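Let's walk through this one together, one question at a time. Have the structure open while you read.

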Amino acid sequence: MSHVVGIDLGTTNSLVAWVRDGEPTVIPDPASGEVLLPSIVSVDERGGVHVGREAQRRLLTDAGHTVYSVKRFMGRGAADVAGEASFFPFELRGEGEGVVRIGLGERAFTPPEVSALILRELKRRAEAYFQERGEFDFEVDRAVITVPAYFNDAQRTATRDAGRIAGIEVLRIINEPTAASLAYGLDKHRAGTIAVYDFGGGTFDISILRVEEGVFQVLATNGDTHLGGDDIDRLLVEQVVGAVGIETTPEVVQAIRLAVIQAKLDLSAEEETELRVYLAGRGTAPVYRRRITRGEFESLIAPVVERTLVPCRAALADASLAAGQVDEVVMVGGSTRIPLVRRAVHELFGRPPHVELNPDEVVAIGAAVQANILVTGNRDMLLLDVTPLSLGIETMGGAMEKIILRNSTIPATGTEMFTTFVDNQTAVDIHVLQGERELVGDNRSLARFRLRGIPPMPAGLPRLQVRFQIDANGILGVSARELRTGLEQSIEVKPSYGLSEEEVERMLLESFEHAEADVEARLLIEARNEAESVVRATEKSLRNPDLEAAKRSDLAPGEIEAIESALADLRDGLASADRATLERKTQVLNDVTRHLAEVLMNRGVQSALSGRSIDHVE
Ligand code: ADP
Ligand code: MG
């Protein structure tokens, strides 16, 4: 049987976990040992796709073809993101309603396609890991994926589509705070109330859960899909941009961004740090440096931390609880490592929050626990969630009528009756909305349905029952019947921001077509890494204290010159995208240095044997 994994598809970082012999464990990349995969995708000039660390490096050299924070665009329309488009160095296409597209060179990707590339990398990573462990069946084709509790239907659907495009069957979509509670095993505790405070890179979520007899119920959720570590980074970047005194091209802004992030991480552990901006091609010295204390940092970010407390109070009010009535507070997300954040949460709830587990791993761990429950059929634990937003339809005069109310426990259903306005009318248009506001324009347009095949009857006579169902993933399904005749009506769905079935299918096929270019991109990275390590080893040999002695007695005339020229040749070729040439040059350098390496090794052994330190050889 193939493995089922849990995936945290994060705005900033993604990771995958599984349950091994009853123990939930995160899965590292076998090659690098890294657990967090930066949720970054980059396309090079030859159309090769890079994901994770390598894509993050390309932010510096090719910001225009590198996408980060793609989760912010999932299930959203171009009009939604117009305001923030200027913050991103990549190109956002699309107008008004309809899916956003991200232009990367010759190709344009929808957000689910970009997320699918991240998922595919996690799948590859997990499969390599299982294969290395010698597991007979190492395929990974089923997963539980987490989303912020605040995600609406379009965003959840986009996440499920991303899984399908990546060739992964999404067994369940669960809320991140629910997953975090599972990771802490809070289901095993006696009855109590839990607040999950999740402060990541791009989103802030607060959830108030009730746990009783091993059953979780979400009492209230709130948050801000535009509040996270990114905002802290942006504040710092704004401070530095004015001060560096160089033209702020996208590459410079990205270099500043990396520098301020490093300073931020330092300040979670230290009282003071030096912020240093390095630029490619500007030598090894920083182009800008400045000392910054934790106190300065805290007063700069205090308003951001304060903004997280507003949804906390709203969620408590929704759950009819005072802050002091919460029994456990769980910290999730990398930004909760900031001491000021911990203090603020401690103060709000009047108790120290849980920080025992690694805050960037808890969600994936919980997803793995849930995946394990689903496949083992261990039903000891029931997972109840609520829908975060009301679901309804447009009625006459542009108002919204709610059919399923916010905070209803899912799965949930609701029905609504329709009829015709014109004699012999055989079709009715229905506009589905999600949100809490009275007017259509203030809510989220999810989809438009056309009910067809209504038997011709006088106006007002047909009794059309439309049924809305929210499944356990929080995703909407719609069915309809004409009650007089009992006929099932056909429904044509036009998702307002999502992808149609055909589009998902086509993207799945395309992802296979491009797989070859992607494999080539990976081989190029490997060739480049190999070349870099041979360059470093050669440079080290040329600095060896035994070199002069070796030159005099062991090496042929011109041997060092040949090595130096092969080294220079390979160094020049490092940035090249031509793998064959890179491999050939690496081979050449390897060949010409073999003899030198042997000689130096023998000398090293001799000087060690003769008991003299290298300084005394001469
Ligand atoms: P997401 O769920 O959005 O993918 P994560 O939980 O991985 O995000 O958190 C990523 C955020 O946490 C980033 O903004 C990162 O800079 C921040 N972060 C990670 N470690 C630290 C730290 N030690 N101090 C401060 N911020 C941190
Ligand atoms: Mg997260």
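Q: Which helix gives the largest share of the shell around ligand 1?
A: Keep in mind that we're looking at a predicted model. There are 17 residues around ligand 1. Of these, 3 come from one helix, spanning residues 250-269, and that's the largest share: helix H7.

Q: How many residues in the shell around ligand 1 are polar?
A: Let's sort the shell by class. Charged residues number 3 and nonpolar ones 2. That leaves the polar class, with 12.

Q: What distance separates a nitrogen atom of ligand 1 from an N or O atom in the side chain of Ser268?
A: Ser268 is among the residues that come nearest to ligand 1, along with Thr12, Gly201, Lys264 and Gly334. A polar contact needs N or O atoms within 3.5 Å. For the ligand nitrogen and the Ser268 side chain, the distance is 2.6 Å.

Q: How much of the accessible area of ligand 1 does the protein cover?
A: On its own, ligand 1 has 580 Å² of accessible area. Ligand 1 also takes up the space of the largest pocket.

Q: Which residue in E7 is the bridge partner of Val41?
A: Look at the open sheet with strand order E6-E5-E7, where the pairing is antiparallel. Its edge strands, E6 (49-51) and E7 (66-67), each pair on one side only. Strand E5 (residues 41-43) is joined to E7 by 2 bridges. In E7, the partner of Val41 is Val67.

Conventions:
Residues numbered from 1 in each chain as written. Chains lettered and ligands numbered in written order. Predicted model: local features only at pLDDT ≥ 70, side-chain atom pairs only at ≥ 80, totals over all residues. Heavy atoms only, no water. Near = heavy atom within 4 Å. Polar contact = N/O pair within 3.5 Å; in protein donor to acceptor, adjacent residues only side chain to side chain. Areas by Shrake-Rupley, 256 points an atom, 1.4 Å probe, with all protein chains shown as cover. 1 Å grid on protein atoms, 1.4 Å probe; cavity = no way out; pocket = protein on both sides within 12 Å on 5 of 7 lines; lining within 4 Å. Sits in = over half its atoms within 2 Å of the grid points. Helix = DSSP H or I, 4+ residues; strand = E, 2+ residues; numbered from the N terminus. Nonpolar A, V, L, I, M, F, W, Y, C, P; charged D, E, K, R; others polar. Pairing = 2+ DSSP bridges.
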